[in-house]
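I opened this notebook to record what I looked up in the structure. The entries follow the order in which I consulted the model.

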Amino acid sequence: MEGIAIRLQNLRKSFGETTAVAGVDLEIRDGEFFSMLGPSGSGKTTVLRLLAGFETPDQGRIELAGQEVTGLAPFERDVHTVFQDYALFPHMTVEQNVAYGLKVRKVPKAERLVRARKALAEVRLEGYGQRRPAQLSGGQRQRVALARALVGRPRVLLLDEPLGALDLKLREQMQVELKAIQREVGITFVFVTHDQEEALTMSDRIAVFDQGRIAQVGTPAEIYERPATPFVASFVGTSNLLDGEVAHRIVGAPGTYNIRPEKIRVLKESAEADEPEHATATGTVAEVVYLGDATRFLVDLDGGGRLTALQQNLETSSEDVAAYRGTRVRLTWHRRHAVRLPS
Amino acid sequence: MATDVTTAAGRGTVRRLAGSLHRRPRLRLTLLLTAPLLWLAVLYLGSLAVLFVSAFWTTNSFTSQVVKVWSTDNFHELFTTPVFRQVILRSVGVALAVTVLCAVIAFPVAFYTARVARPRWRPLLVVAILTPLWASYLVKVYAWRLILSEGGLADWMLAPFGLSGPGFGLPATVLTLTYLWLPYMILPIHTALEQLPANLLDASADLGARAGRTFRSVVLPMVLPSVAAGSVFTFSLSLGDYITVQIVGGKTQLIGNLVYSNIELNLPMAAALGTVPVVVIVLYLLAIRRTGALNSL
């Protein structure tokens with residue numbers, strides 16, 4: 001049985017007229033890589049700041065490893081934060097930055113140095129100890145911030161959109177590294193992001209935030225394959241949301257449904273839907289978007305409504321796909337991929 | 001129609017001129033800098049040079065006429081006569097005391113205006129700090145003369161505690177100069193504190209530091225260059241002052257007073273005295289450059 005690292009109960013926080021967090025209940029397990037995903041203003045960063053102790057909740061309870069910490073100051077919590085813009089101390093060297101938390105906790109100087117160097121090695125920045133933050137690149141600063149937060153081996157590490165300021169290549173590289181470091185040190189990571197792809201690739205579990213509340217908590221596959229609300233379906237990945245008359249005609253039953261574009265195959269109109277568990281619909285290709293590795297087809301269905309289908313470019317090229325525009329096609333998908341959303 | 005043509009032609013000339021200037025950056029720079037550089041070289045550096053040179057001349061002790069003979073007698077006298085030595089040390093002491101007092105008073109004030117007060121009040125508070133600078137120097141010093149005079153405001157306020165005001169003299173001079181130059185210290189500190197990113201304070205607390213530790217390890221080192229920058233103003237303005245001390249200083253004499261009293265009878269001596277604050281301030285600036293303060297001026 002795994003322990004519980006963080007437990008939030010009915011957490012609420014308002015800033016003046018705006019409600020940032022409107023009742024959040026959540027349990028995060030020990031050693032988990034947990035992501036809080038949502039658009040800006042959904043309350044995820046406020047929850048993180050409440051966890052760190054930078055804000056105090058209007059209502060509710062925060063437990064850290066079974067101990068209530070709701071009213072405690074940041075320096076009384078066994079939690080460290082990696083800030084979005086790193087927040088490195090510009091007047092200190094990299095080594096002094098990393099050793100700061102240890103110095104404050106009165107760790108002897110010799111031990112401090114050893115541990116700071118070890119932490120820098122963990123983030124692959126050996127030999128950078130004597131530089132100033134201003135002399136480092138964005139990715140390197142990011143790692144210093146990570147080393148500084150990890151060196152004290154906190155119970156929980158909070159990461160506030162730590163990869164937001166990096167360019168795409170570096171970001172993908174850091175995603176892999178961050179995950180590897182987390183596995184290595186075994187500390188619970190709480191990772192705030194608005195990037196659904198980042199959340200899906202890195203997390204053990206994800207909480208999707210919508211207007212100050214948690215819309216769904218689950219593994220990446222659960223969130224992606226079985227979204228609990230239309231918001232989750234549209235925020236995580238692209239989706240075809242069907243409801244009302246269109247849903248009834250296409251799926252055969254009333255309700256709100258979601259079909260992911262990559263689950264839909266695009267065939268010639270004359271092709272027969274061979275398997276009984278497959279649903280099918282005919283229509284005209286309204287738009288073709290060539291993405292390089294794949295092509296997105298926007299198809300106007302005959303009875304009204306529009307579906308987006310995504311096809312890998314296994315054999316086609318950009319010249320071929322352009323010819324599809326305006327042609328008649330048959331769309332087909334496995335019935336279980338039309339996921340019903342609770343209304 | 002004709003006017004249209006001339007304005008078009010005029011515009012064409014201006015455009016051509018602008019274009020040719022654009023293609024000749026050196027010429028542009030020369031035109032731009034000649035006047036200010038002349039001003040700096042002739043009026044400022046020139047008069048400094050004259051000051052230095054005349055400090056090495058002497059006077060005919062009967063006629064007080066300047067004798068243009070090269071000698072180091074003035075400086076020899078400056079460093080061997082006890083009165084001169086005392087006055088120089090006193091002046092530097094006053095400048096240092098004013099600087100320290102300004103820093104000690106300015107820090108909490110700036111902390112309040114930059115980080116505690118509501119953001120929409122902050123510009124108003126800054127204006128309030130600046131308003132004394134709009135009043136005449138003499139008016140302010142005479143106001144302090146009234147405050148510090150016998151039976152004045154200072155005496156009246158301290159009387160219930162069985163104390164009396166400092167009267168005129170060295171403490172009154174330090175006090176008045178501190179009041180005069182305080183805004184020059186508050187402003188740079190205010191700016192530095194205002195620009196201090198809030199998340200650095202969060203980060204410090206997050207890593208386990210209490211408020212006192214955060215102040216010592218993060219706030220103070222980051223604001224120190226601005227304190228040093230402010231001290232350049234308070235120190236040099238105090239060192240050069242000779243009016244305040246005449247009004248509230250009683251019999252106290254500072255370098256400026258000696259320069260003033262020597263200027264008629266012994267001009268070279270006055271020049272030698274005048275070089276002292278210049279040298280002291282240059283030394284001060286060199287010492288302060290190491291803190292990086294000159295980058296935040």
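This is a predicted model: local features need pLDDT of at least 70, side-chain atom pairs count only at pLDDT 80 or more; totals for chains, interfaces and linings use all residues.

Entry 1, strand pairing. I count two strands as paired if DSSP finds at least two bridges between them. How many bridges join β14(A) to β15(A)? I found seven, and the two strands run antiparallel. Within this pair I looked up Val288(A), which stands opposite Phe297(A) in β15(A). Strand β15 of chain A covers residues 294-301.

Entry 2, a further partner of β14(A). I then turned to strand β17 of chain A, residues 328-334, which pairs with β14 of chain A, residues 278-290. The sense is antiparallel, and the pairing extends over seven bridges. Here I located Thr284(A) opposite Arg328(A) in β17(A).

Entry 3, an open sheet. I next examined three strands of chain A that form an open sheet in the order β11-β12-β18, with antiparallel pairing. Which strands stand at the edges? I recorded β11 (240-242) and β18 (339-341) of chain A there; each has a single partner strand, so one side of each is left without a neighbour in the sheet. From one strand to the next, the twist averages 30 degrees. I found three bridges between β11(A) and strand β12 of chain A, residues 256-259, which run antiparallel. Asn240(A) faces Ile259(A) of β12(A) as its opposite residue. I also noted that helix α9 of chain A, residues 244-251, packs on the sheet and touches β11 and β12 of chain A. The direction of α9 makes about 100 degrees with that of β11(A).

I listed 10 helices and 18 strands for chain A. Its C-alpha atoms fill a box of roughly 80 × 45 × 40 Å along the principal axes. Of the 343 residues in chain A, 38% are buried. I looked at contacts with a separation of 6 or more in chain A, and 64% of them join residues 24 or more positions apart.

Entry 5, domains. The domain assignment divides chain A into domain 1 (4-235) and domain 2 (240-341). I noted 39 Å between the centres of these two domains of chain A, taken over C-alpha atoms. Where they meet, six residues of domain 1 are in contact with five residues of domain 2. By class, the domain 1 side has three nonpolar, two polar and one charged residues.

I found 16 residues of chain A in contact with 15 residues of chain B. Which elements give two or more residues to the chain A side? They are β6 (79-82) and α2 (94-104) of chain A. The largest share, three residues, comes from α2(A). I classed the residues of this side as 10 nonpolar, four polar and two charged.

Terms used: Residues are numbered from 1 along each chain as its sequence is written. Chains are lettered from A and ligands numbered from 1 in the order in which they are written. Domain bounds come from an automatic or database domain assignment. Two residues are in contact if their C-beta atoms, placed from the backbone, lie within 7 Å. Ala, Val, Leu, Ile, Met, Phe, Trp, Tyr, Cys and Pro count as nonpolar, Asp, Glu, Lys and Arg as charged, and the others, Gly among them, as polar. Helices (H or I, at least four residues) and strands (E, at least two) are DSSP runs, numbered from the N terminus. A residue is buried if 20 or more other C-beta atoms lie within 10 Å of its own, exposed if 12 or fewer, and partly exposed in between; C-beta atoms are placed from the backbone. Axes are lines fitted to C-alpha atoms, for helices over the stretch in contact, and angles run from 0 to 180 degrees between N-to-C directions.
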